[in-house]
Amino acid sequence: MTGIVGSALAQIELSKLITGNQTSPESIAAIHYGSEGKLIWIFYHAPSVRDPQTKEKRHIFSGPGALQADGTIWRLGADYATVLHTDADLDIGGLAVPKGEYTLYIDLDKGNWKLIVNKQLIDARRGRPKWGIANSKGDTTDEPSTELGRTTLTMGKPATPVETLNIALTRTDVTHGKLDIAWENVTASVPFTVK
C-alpha cells in the first residue's frame, strides 16, 4: 500500500510523515473511484484512549477534565497533522474540495463538530510537514486564513468505546462515499461526492 500511495503523492512524501511512534502508530484509510482509479486517502497517527506512559484510561472528549476540551481545535490524530490526498475534485458535506492535498482538523465546537480542510501542508519555518501542534502553549492549529473551509459532521456514539482512533472511507455508490471518525465515546461522519 505504501508504494501505491507514495506514487500518487504530489506535495507530501509519505515517508516524511512516518514518526515510528508506536504509541500513536501510522494508519491510512484509502479508497478509489472509477476505471481510472482516482485515489482518495487519509494518512493519520492513531492515538489510544490509554495513556502511553501510565496505561490509565484517559477521558478524551466532552466535559470537565477532557484531554481535548470542548470549543478547541483538534488535529484529528497525533503527531504530524492528518493529511487528505484526493486525485478527484470532491464535495465533502457541501464543501467543494479541489483535487490535491490538505491537512484535516476538527473544530469540537461544544460537541457539534466541524471538519476543517486546511490548505497548509508544510511548516514554512521548518520546511517539514505541518505538525499538529502549532505553538509552545500547546494550542492546536486554528488558522482560518489557511483554511479551504469547514463542514458539519453528523455526531453519534459507538456501541462500545473505541480504544484507538479510527478513520475510515467507505464507498456508498459509484460516485459517493462516507468519511467516518470514531474514538472513545464519539463517532462523527460526513458524506462526500466524487466529481
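# Rings, charges and strands

Colleague: Let's start with Asp109. How exposed is Asp109?

Modeller: Asp109 is partly exposed, with a relative accessible area of 28%. Buried means under 20% relative accessible area, exposed means over 50%, and partly exposed lies in between (1.4 Å probe, protein chains only). This is a predicted model, in which local features need pLDDT of at least 70 and side-chain atom pairs count only at pLDDT 80 or more, while totals for chains, interfaces and linings use all residues. Residues are numbered from 1 along each chain as its sequence is written, and side-chain values use heavy atoms, with hydrogens and water left out.

Colleague: Thanks! And where does Asp109 sit?

Modeller: Asp109 is in the loop between strand 7 and strand 8. Strands (E, at least two residues) and helices (H or I, at least four residues) are DSSP runs, numbered from the N terminus. Asp109 also has a positive phi of about 35 degrees, although it is not a glycine.

Colleague: Which side chain does Asp109 meet in a salt bridge?

Modeller: That of Lys114, at 2.5 Å from N to O. A salt bridge here is a side-chain nitrogen of Lys or Arg within 4 Å of a carboxyl oxygen of Asp or Glu. Lys114 counts as partly exposed at 23% relative accessibility.

Colleague: What's the general idea behind such pairs?

Modeller: Side chains of opposite charge can pair when their charged atoms come close.

Colleague: How many salt bridges are there by this rule?

Modeller: The count comes to 4 salt bridges. One of them links Glu147 and Arg150, at 2.8 Å from N to O. Glu147 counts as buried at 14% relative accessibility, while Arg150 counts as partly exposed at 30%. Another is between Lys178 and Asp180, with their closest N and O atoms 3.6 Å apart. Lys178 is partly exposed, with a relative accessible area of 34%, and Asp180 counts as partly exposed at 22% relative accessibility.

Colleague: New topic: rings! How many aromatic pairs does a search of the whole structure find?

Modeller: The search finds 6 aromatic pairs. Rings of Phe, Tyr and Trp (its six-membered ring) pair if their centres lie within 6.5 Å; planes under 30 degrees apart count as stacked, over 60 as edge-to-face and the rest as tilted. One of the pairs is Phe61 with Trp183: their ring centres are 5.7 Å apart and their planes are at 85 degrees, so the pair is edge-to-face.

Colleague: Where do Phe61 and Trp183 lie?

Modeller: Phe61 is in the loop between strand 2 (38–45) and strand 3 (73–74), and Trp183 is in strand 14 (residues 176–184), so the pair ties together parts that are 122 residues apart in sequence. Phe61 is buried, and so is Trp183.

Colleague: And why is the pair of Trp74 and Trp113 edge-to-face?

Modeller: Because the planes of Trp74 and Trp113 are at 65 degrees, with the ring centres 5.9 Å apart. Trp74 lies in strand 3 and Trp113 in the loop between strand 7 (100–107) and strand 8 (114–118), so this pair ties together parts that are 39 residues apart in sequence. Trp74 counts as buried at 3% relative accessibility, and Trp113 is buried with a relative accessible area of 4%. Phe61, Trp74, Trp113 and Trp183 form one aromatic cluster.

Colleague: What about Arg171 and the ring of Tyr33: where does Arg171 lie?

Modeller: Arg171 lies over the face of Tyr33, at 4.9 Å from the ring centre. The rule for a charge over a ring is that NZ of Lys or CZ of Arg is within 6 Å of the ring centre and within 35 degrees of the ring normal.

Colleague: Now strands. How many bridges join strand 13 to strand 14?

Modeller: Strand 13 (residues 162–171) is joined to strand 14 by 7 bridges, and the two run antiparallel. Two strands pair if DSSP finds at least two bridges between them. A hairpin joins strand 13 to strand 14 through 4 residues. As for bridge partners, Leu169 has Leu179 in strand 14.

Colleague: Last one: which residues does Ser24 touch, not counting those up to four places away in sequence?

Modeller: With that limit, Ser24 touches His45, Ala46, Pro47, Ala78 and Asp79. Contact means heavy atoms within 4.5 Å. Ser24 lies in the loop between helix 1 (2–8) and strand 1 (26–33), and it counts as buried at 7% relative accessibility.
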